[in-house]
Amino acid sequence: MTSINVRVDGASYSDDVEPRTLLVHYLREQLGKVGTVVGCDTSNCGACTVHLDGNAVKSCTVFAVQADGSEVTTIEGVGSADALHPVQKAFHEMHGLQCGFCTPGMIMASIDLLQENPSPSETEIREGIEGNLCRCTGYQNIVRAVQQAAGELSGSAGQA
Ligand code: FES
Ligand code: FES
């Protein structure tokens, strides 16, 4: 076992983990953060995407010990039921989901995309979320949701 100290969704945790424990399994099984989901065993689907020190990562490709000393944000640390994050609100309003399984990862990837590129073109949005697979929507409404969120975020930035 190895001791790690990590902040997750604004709270501090000190835990013992096996060196082989994946970050996604630590989040789900030790911290109960089941909003982050596992959609594959090939590092392919992106459903497990979280932010590690502000950057989107597939949490099934990171060992929990690699998060030692870091800040992790999961979908559970983004917005709230009463105050959705603009990207969550846009996915809701633009019907950017059907079954919803890909949605936590899509939203975390989209937030990262918009932090790096606040005004992405449609092509840049598609490239930005290409690591995240959706088998329901055909992606069109996901792209529209990211476009709407970009508009809202740049509008609120302009007002600040
Ligand atoms: S669970 Fe599919 S990429 Fe992580
Ligand atoms: S909404 Fe079902 S996988 Fe994307």
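Predicted model: local features only at pLDDT ≥ 70, side-chain atom pairs only at ≥ 80, totals over all residues.
Residues are numbered from 1 along each chain as its sequence is written, chains are lettered from A and ligands numbered from 1 in the order in which they are written, and side-chain values use heavy atoms, with hydrogens and water left out.

**The sheet.** Select the strands (DSSP runs of E, at least two residues; helices are runs of H or I, at least four, and both are numbered from the N terminus). 5 strands make an open sheet of mixed pairing, in the order β2-β1-β5-β3-β4, where two strands pair if DSSP finds at least two bridges between them. The edges are held by β2 and β4, each with a single partner strand, so one side of each is left without a neighbour in the sheet. On average, neighbouring strands of this sheet are turned by 40° against each other, direction ignored; axes here are lines fitted to C-alpha atoms, for helices over the stretch in contact, and angles run from 0 to 180 degrees between N-to-C directions.

**Around β3.** Next, select residues 49-52, which are β3, together with strand β4 at residues 55-58. The two run antiparallel and are joined by 4 bridges, with V50 standing opposite V57 in β4. They form a hairpin with 2 residues between them, and D53 in the turn has a positive phi of about 50° although it is not a glycine. D53 is partly exposed, with a relative accessible area of 48% (buried means under 20%, exposed over 50%, partly exposed in between, with a 1.4 Å probe and protein chains only). Strand β5, residues 71-73, also pairs with β3 in the antiparallel sense, over 2 bridges, and L52 stands opposite V72 in β5. Over this sheet packs α3, touching β3, β4 and β5, with its direction at about 40° to that of β3.

Move to the loop between β1 (2-8) and β2 (11-17), where D9 is placed. Its phi is near 50°, a positive value in a residue other than glycine. Most residues other than glycine have a negative phi. At 21% relative accessibility, D9 counts as partly exposed. K33, in the loop between α1 (23-30) and β3, counts as buried at 11%. Leaving aside neighbours within four places in sequence, K33 is in contact with V8, D9, Y13, L27, R28, T74 and E76, contact meaning heavy atoms within 4.5 Å. Select α1 as well: this helix lies across β1, β2, β3 and β5 and runs at about 110° to β2.

**The α2 and α3 pair.** Finally, select residues 86-93 (α2) and 103-116 (α3), whose axes come within 10 Å and cross at roughly 125°. That makes α2 oblique to α3, since angles under 35 degrees count as roughly parallel, over 145 as roughly antiparallel, 65 to 115 as roughly perpendicular and the rest as oblique. From α2, V87, Q88 and F91 meet T103, M106, I107, S110, I111 and L114 in α3. The buried residues of α2 are P86, V87, Q88, A90 and F91.
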